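Dear colleague,

Please find the structure below, handed over for your use.

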Protein chains: 2
Amino acid sequence: MPNPRVVSLDKIKVACQNCTLSALCLPLGLKEADVEKLDQIVKRSRPIQRGEALFHIGDPFQNIYAVKTGSFKTFVQSADGGEQVLGFHLPGELIGLDAILDNQHGCSAKALETSSICKIPFLQLETLATQLPSLQHQVFRLMSGEISKDTNMLMLLGNRSADERLATFLLSLSRRLAQRGFSATEFNLSMSRHDIASYLGLAVETVSRLFTRMQQEGLLQVDRKFVRLLDMDRLDELCEKNPHCHGRQLLP
Amino acid sequence: MPNPRVVSLDKIKVACQNCTLSALCLPLGLKEADVEKLDQIVKRSRPIQRGEALFHIGDPFQNIYAVKTGSFKTFVQSADGGEQVLGFHLPGELIGLDAILDNQHGCSAKALETSSICKIPFLQLETLATQLPSLQHQVFRLMSGEISKDTNMLMLLGNRSADERLATFLLSLSRRLAQRGFSATEFNLSMSRHDIASYLGLAVETVSRLFTRMQQEGLLQVDRKFVRLLDMDRLDELCEKNPHCHGRQLLP
DNA sequence: GGCGGGCATTGATCCAGGTCAAGAAGCCGA
DNA sequence: TCGGCTTCTTGACCTGGATCAATGCCCGCC
């Protein structure tokens with residue numbers, strides 16, 4: 001059976017104009033001609049292997065990255081040698097927006113599976129954005145989304161129990177995957193239990209136990225990386241204990 | 001003794017050109033003539049009383065706000081009626097940047113003391129930013145700073161103990177106050193213990209106990225709202241257990 | 001000036017989740 | 001196919017900080 005993850009050369013070269021992610025990414029709201037201008041500054045890379053780094057903390061800031069296929073995590077090294085995971089990034093999401101202020105990356109990013117990205121030189125993007133108001137607007141929107149994503153995460157870490165955190169994480173993943181045309185109820189976790197635990201501010205053992213318990217309670221099925229969400233309603237209830245958000249989604 | 005917090009009419013009317021905060025705020029990097037253009041779209045308000053709201057969650061998004069004097073907190077209502085504090089905002093800091101994506105505010109903001117703000121209509125700011133590249137750049141920078149601030153907070157909430165959190169909070173406050181020309185070692189907390197606890201993901205009682213203990217250990221003196229930091233070195237040590245950040249500051 | 005109500009402190013108790021330790025189950029590469 | 005990784009799961013135990021409860025303290029208001 002052919003592996004659906006294998007990316008053909010054609011796909012690597014796909015331009016923004018033809019990219020299925022354009023409604024989630026920078027081209028949103030741009031006229032056809034303007035997308036072409038954007039396309040000219042975007043650099044598309046060869047596939048990136050699982051574990052390969054996109055950039056390291058402290059690297060000088062030159063590009064922002066849009067995930068095209070696969071997934072990434074961003075993280076910092078803890079003093080004790082461990083990793084603190086800051087986020088997971090799916091196709092159409094931008095990485096590196098936190099580096100503009102200091103002109104250096106404030107975290108590291110590495111691929112969780114074989115992935116591909118679009119590299120966007122930030123100086124050129126800025127120049128283009130002054131010429132294309134709707135591009136500027138979209139950059140503002142995406143950065144704003146990054147901020148609300150983070151504040152939602154703060155709410156989650158600030159005062160939610162372990163099972164609420166895991167349920168919120170799974171539903172967030174489900175929703176984002178569905179937006180990208182994947183199944184909302186069945187998917188593979190590209191990140192390790194350790195990554196999930198770090199992201200949610202929990203111990204690995206706790207995450208493992210929660211998966212087991214949620215499976216026993218019929219909320220989901222889990223087999224290694226594979227997850228099937230069985231009872232979305234009860235998972236939702238777990239999340240809705242969360243702060244009242246006036247219809248806004250918790251997590252991006 | 002005259003109250004130094006009382007704001008005279010002159011100060012309310014101060015233009016960006018003369019504002020002492022311009023190096024921290026939107027005007028940074030702008031030419032004199034451009035600052036004047038920015039100044040023309042900024043609306044300055046009468047003082048805002050302690051407890052008064054700047055906006056509520058769900059309000060349509062029209063303006064971003066720059067704190068001129070005083071301080072604010074942003075927060076959301078929890079399901080149980082409590083408040084989850086998302087951030088504290090000092091003079092020169094912007095509020096409302098998380099609302100661009102959804103066109104509505106994702107949190108509420110209220111004054112912690114008598115304060116004043118500059119209101120900036122976002123549509124006009126966007127228009128001006130297309131004309132003034134360095135203004136656009138500064139907006140990007142400030143939004144980027146907001147993102148790194150939040151990710152630093154995630155690190156703090158993700159895996160730091162209660163005393164590390166409080167120490168980090170106090171030093172962050174100290175540094176920001178110093179940037180603004182106030183004392184780095186003696187200041188008044190404009191927020192309640194409850195606000196601090198919520199922000200740091202702790203219980204009020206824990207914060208109270210920590211203040212007491214840190215005072216006993218000679219790290220600081222605390223009397224109600226007033227704090228004097230006595231041993232910056234040891235406070236620093238507490239924070240440096242934090243993830244390795246390549247010289248970047250934890251918290252904004 | 002005294003009283004009432006929120007805010008802060010302190011003490012006592014409890015438990016969610018961390019830590020430690022020991023397998024089990026995949027996942028290579030030889 | 002085996003042996004040595006790493007990752008994951010499960011169990012036993014422990015503790016940091018939450019929770020509950022009581023008291024003190026300040027500040028605004030009549």
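**Contacts with DNA strand C**

A polar backbone atom of Gly201(A) lies 3.5 Å from a phosphate oxygen of DNA strand C, a polar contact being a pair of N or O atoms within 3.5 Å; within protein, one must be able to donate a hydrogen and the other to accept it, and residues adjacent in sequence count only if both atoms are side-chain atoms. This is a predicted model, in which local features need pLDDT of at least 70 and side-chain atom pairs count only at pLDDT 80 or more, while totals for chains, interfaces and linings use all residues. Residues are numbered from 1 along each chain as its sequence is written, chains are lettered from A and ligands numbered from 1 in the order in which they are written, and side-chain values use heavy atoms, with hydrogens and water left out.

Of the atoms of DNA strand C that come within 4 Å of the protein, 65% belong to sugar and phosphate. By class, this surface has eight charged residues (Asp, Glu, Lys and Arg), three nonpolar (Ala, Val, Leu, Ile, Met, Phe, Trp, Tyr, Cys and Pro) and seven polar (the others, Gly among them). At least two residues each come from α7 (204–216) of chain A and from α6 (193–200) and α7 (204–216) of chain B, helices being DSSP runs of H or I with at least four residues and strands runs of E with at least two, numbered from the N terminus. The largest share, four residues, is given by α7(B).

**The sheet of chain B**

Chain B also holds an open, antiparallel sheet of three strands in the order β9-β11-β10; two strands pair if DSSP finds at least two bridges between them. The edge strands are β9 (186–188) and β10 (220–223), each pairing on one side only. Four bridges link β10(B) to β11 (residues 226–229) of chain B, and Gln221(B) stands opposite Arg228(B). Three bridges join β9(B) to β11(B), with Asn188(B) opposite Phe226(B).

Yours sincerely

Key
A residue is near a molecule or strand if one of its heavy atoms lies within 4 Å of it.
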